[in-house]
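Student: Please take me through the labels used for this structure. I want the criterion behind each one.

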Amino acid sequence: MGEHNVILFAAFEPRIFLDPESVGIGFDPELPTINAGPATISYTISARTETPEDKTLSITTNGITGFINPLSSFNIPKINFVNQNIYFTAKMVDLSGTPLKRYPVLESSVELLKTQTPGPVDELVQVQNTIEDFIIVDEGGLDVFLVRSDGTVVLDGESTYRTNYGDLTASSGGGYLKGIIQTSVADTDLRLQVNYTSGGVTVSGTSTPFDVYPAEPIYDIRKIGEDNNQTQNYKALATQPVLQREPIFMDELLGQIVGDNNSYPETLGIKLHEKVSNYVANINDPDYANVNSLNSLVNQLSMTLDEYNQQFPPSLSRLIDILSVSVSRQLGSKNQFQGNYDTKGYISKEFYGKNRGDLLPIETTLLETGANSKNILAYEKFSNQYKLVNTNILSATDIDYTSHNAYPLSAYNRSWGWGLIMPNTITGIDINKYYKFYDFIDTVEGSYLQKFIDFDNQNNTYLTSLTSYNQYIDKWGVAEKVISHNLYTNLGLISGS
């Protein structure tokens with residue numbers, strides 16, 4: 001292209017040296033230079049030939065990929081929803097990641113050759129590769145499609161693509177494709193693939209994987225108290241026959257206003273019930289308080305904190321109040337009680353006797369020490385009390401083994417250390433005069449204590465399969481999915497429900 005005279009301002013970098021003279025005059029060492037002088041240098045700028053050979057396509061949201069060192073900040077977001085506009089830019093780059101900025105815009109193109117008007121019919125030559133009166137000499141292809149994790153392609157009818165150059169339409173260069181793709185398919189680990197063909201050379205690129213979720217909320221979050229069926233409450237109050245005979249009024253008018261227990265949590269009946277039933281926790285409990293209430297509690301203690309005073313829409317404010325509670329508090333804790341031995345006469349063990357197994361006949365039961373040992377229950381007939389005893393009696397001085405690790409329950413003696421209450425002279429089979437023995441079922445009671453999220457609510461799908469804290473807090477994790485769906489829906493980017 002030629003030579004250009006360019007003035008470069010070069011200066012000594014003093015920040016890595018301690019200059020005594022600069023220190024003496026009080027010079028700030030963080031300033032880059034003092035008394036910089038210009039220098040002139042000549043160099044040559046040469047244009048390179050930009051062709052698609054040995055090139056690839058880099059796909060991001062805005063075309064920013066970084067030079068040499070890849071930049072992942074602008075990859076297609078991991079969280080997307082059906083029928084949402086997914087913006088992308090496919091940019092042609094060389095093997096080092098340098099973009100081909102002078103290459104034409106990537107688009108389908110057809111090079112045509114004009115043909116003469118045909119003569120008599122018997123002189124007409126049939127040409128298949130034609131468009132009306134033109135012969136296709138060269139065709140540049142552009143294919144944009146979604147690929148599933150198993151390599152299959154999402155059908156054309158299930159995804160649509162269009163270009164989105166906007167104000168850049170007038171520019172014919174840049175070596176990129178700017179577009180939008182939508183899909184009605186909800187799937188995980190989808191990839192966007194772009195193939196561009198020009199002059200018989202095909203250049204391809206594939207995006208990083210992303211997920212597409214249904215337009216409905218990914219998680220239905222239900223706090224304790226958000227199970228109120230206000231429609232049914234009004235029906236129970238409406239004892240007048242004239243109201244009982246009008247289901248349309250109760251269900252389709254009043255019921256639509258207040259909702260039932262399956263309605264969205266922002267419905268009037270559920271929202272008011274939650275605020276009343278959780279009033280103390282929402283206002284005065286630092287572990288569970290809403291964000292505004294927590295700020296008020298902190299101010300009462302004259303503590304300093306950063307306040308941003310952000311005003312959020314009601315639905316987003318509800319989610320922030322929930323997500324601000326620690327994950328351990330949201331999950332709650334389960335009752336670890338394992339002493340449910342008494343069946344209270346019930347055959348079914350749904351409620352009573354969950355930890356008591358089958359009766360162990362003293363005469364025939366064999367117990368084991370070592371790895372196969374297990375706890376059993378000793379039931380004292382006199383007091384009706386159960387005692388959990390350990391059968392791994394390796395410290396006992398008198399064990400009548402019948403095999404390597406097995407010994408009979410009927411050989412009981414006091415050296416086993418079970419602490420059973422009966423005369424010292426009772427040993428062996430005579431123990432059945434004072435005790436019965438049962439298998440111990442190693443299970444916990446399992447009900448939730450200190451509940452915050454209502455896991456008993458059949459509508460709740462939030463945190464039901466959480467396996468780690470990172471799964472919750474990481475980028476593209478549970479918390480971000482919850483916030484993303486709310487923002488996308490309320491900004492009209494998707495039509496959620």
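The labels are taken up in turn below.

Tutor: This is a predicted model, so local features need pLDDT of at least 70, side-chain atom pairs count only at pLDDT 80 or more, and totals for chains, interfaces and linings use all residues. Residues are numbered from 1 along each chain as its sequence is written, and side-chain values use heavy atoms, with hydrogens and water left out.

Student: Why is the pair Y379 and Y386 called tilted?

Tutor: Rings of Phe, Tyr and Trp (its six-membered ring) pair if their centres lie within 6.5 Å; planes under 30 degrees apart are stacked, over 60 edge-to-face, the rest tilted. Here the centres are 4.8 Å apart and the planes 40° apart, so the pair is tilted. The structure holds 19 aromatic pairs.

Student: What makes Y401, Y407, Y412, W416, W418, Y435 and F437 a cluster?

Tutor: Ring pairs link them.

Student: How do you know that the charged end of R356 sits over the ring of Y438?

Tutor: The criterion is NZ of Lys or CZ of Arg within 6 Å of the ring centre and within 35 degrees of the ring normal. R356 is 4.3 Å from the centre of the Y438 ring, and it is listed as sitting over that ring.

Student: Why is helix 8 called roughly antiparallel to helix 11?

Tutor: Helices are DSSP runs (H or I, at least four residues), numbered from the N terminus. The axes of helix 8 (residues 314–323) and helix 11 (residues 478–490) come within 10 Å and cross at roughly 175°. Angles over 145 degrees count as roughly antiparallel, under 35 as roughly parallel, 65 to 115 as roughly perpendicular and the rest as oblique. Therefore helix 8 is roughly antiparallel to helix 11.

Methods:
Axes fitted to C-alpha atoms, helices over the stretch in contact; angles between N-to-C directions. Helix = DSSP H or I, 4+ residues; strand = E, 2+ residues; numbered from the N terminus.
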